[in-house]
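Work through the exercises below with the sequence and the 3D structure at hand. Each task is followed by its solution.

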Amino acid sequence: MDSLALFCTGALLAGGIYWFVCILGPAEQKGKRAVDLSGGSISADKVQDNYKQYWSFFRRPKEIETAEKVPDFVDTFYNLVTDIYEWGWGQSFHFSPSVPGKSHRDATRLHEEMAVDLIDVKPGDRILDVGCGVGGPMRAIAAHSNAKVVGITINEYQVNRARLHNKKAGLDSLCEVVCGNFLQMPFPENSFDGAYSIEATCHAPKLEEVYAEIFRVLKPGSLYVSYEWVTTDKYKVNDPEHVEIIQGIERGDALPGLRSYTDIAETARKVGFDVVKEKDLAKPPAQPWWTRLKMGRIAYWRNHILITILAALGIAPKGTVDVHEMLFRTADYLTKGGDTGIFTPMHMILCRKPETPSNS
């Protein structure tokens, strides 16, 4: 009986590990397995040190307000979180409104396709993805529009992941990825037929700097659309709970500081854009974008147990558990931001670069 009990226990354990890793591990995107989690471009033995370095930025708040420090700050963050995002969330590192009768993947794709529809590009046009991540939106937009998409990201590991996914999807002829800082883009002026950014420019220390760069590289008459992370008109700066929620979002998402919704159009006009349209895509009748975070709590605990086991076995880098726990705490703050209505990750602004320079 002892041998039988031991055999049954072993079989149950093996089956559980198989279920965790092989069935649940890859999540919905089937692109990254739990056993392959890494620290991006950071060597495995340095992940925990870099996690501590990331948090040290918040002990020196004046440093993350400067353009010189932010690239390192954001690059460190995405080295730490890219694999976990891709494994647990998907290849599109952003939110989208829930759509009744549609899966999260379909809702995400529709949200991305709307961006390129807004900038009115034609097949063969060359458009810019500002802050492309591992290229989820890029691939959806290229497939939908047949435009040629050039993406830029500060993180070299994301560049390599995006190129791998582009090739697997058979879209490498339409999708190009460049490693660079979107505050100083390596593109000539007047070189793109359109541009978009999906929840990416929130990492810029000054929105004016990234908008000015986008304005510079766009051809006259071309359109730019952005989905911005902002505080809404419901946010009260003297409400301690509101402040805690916003600071929690900032700390957990590598943000130098969240902007008010009132800053976006003003900044766009300041660099020379004409504002065509502005709208918070999270407002009713849109369904809550944070529903997926609430539904993901069970998945989080499942994933956290798995990461803890893999880290203990030396398969996942030391420090991965800390990073995963940080992301769960951040998800809680994001959910509270959605529930209270003080935060939106999809304040949409549509801008046009004038055909002729402004005289102002």
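**Exercise 1.** State how many residues of strand 4 (residues 192–198) are buried.

Solution. Strands are DSSP runs of E with at least two residues, helices runs of H or I with at least four, both numbered from the N terminus. Buried means under 20% relative accessible area with a 1.4 Å probe, protein chains only. By this cut-off six of the seven residues in strand 4 are buried, so the strand is mostly covered. The model is predicted: local features need pLDDT of at least 70, side-chain atom pairs pLDDT 80 or more, while totals for chains, interfaces and linings use all residues. Residues are numbered from 1 along each chain as its sequence is written, and side-chain values use heavy atoms, without hydrogens and water.

**Exercise 2.** Find the pairing of strand 4 with strand 1 and with strand 5.

Solution. Two strands pair if DSSP finds at least two bridges between them.
- Step 1: strand 1 (residues 126–130) is parallel to strand 4, over three bridges; D129 has Y196 of strand 4 as its bridge partner.
- Step 2: strand 5 (residues 218–231) pairs with strand 4 in the parallel sense over six bridges, and A195 stands opposite Y224 of strand 5.

**Exercise 3.** How do helix 7 and helix 9 (residues 262–270) pack?

Solution. 
- Step 1: their axes, lines fitted to C-alpha atoms over the stretch in contact, are 9 Å apart at an angle of about 45°.
- Step 2: contact (heavy atoms within 4.5 Å) involves L207, E208 and Y211 of helix 7 with I264, T267, A268 and K270 of helix 9.

Conventions
Buried means under 20% relative accessible area, exposed over 50%, partly exposed in between (1.4 Å probe, protein chains only). Axes are lines fitted to C-alpha atoms, for helices over the stretch in contact, and angles run from 0 to 180 degrees between N-to-C directions.
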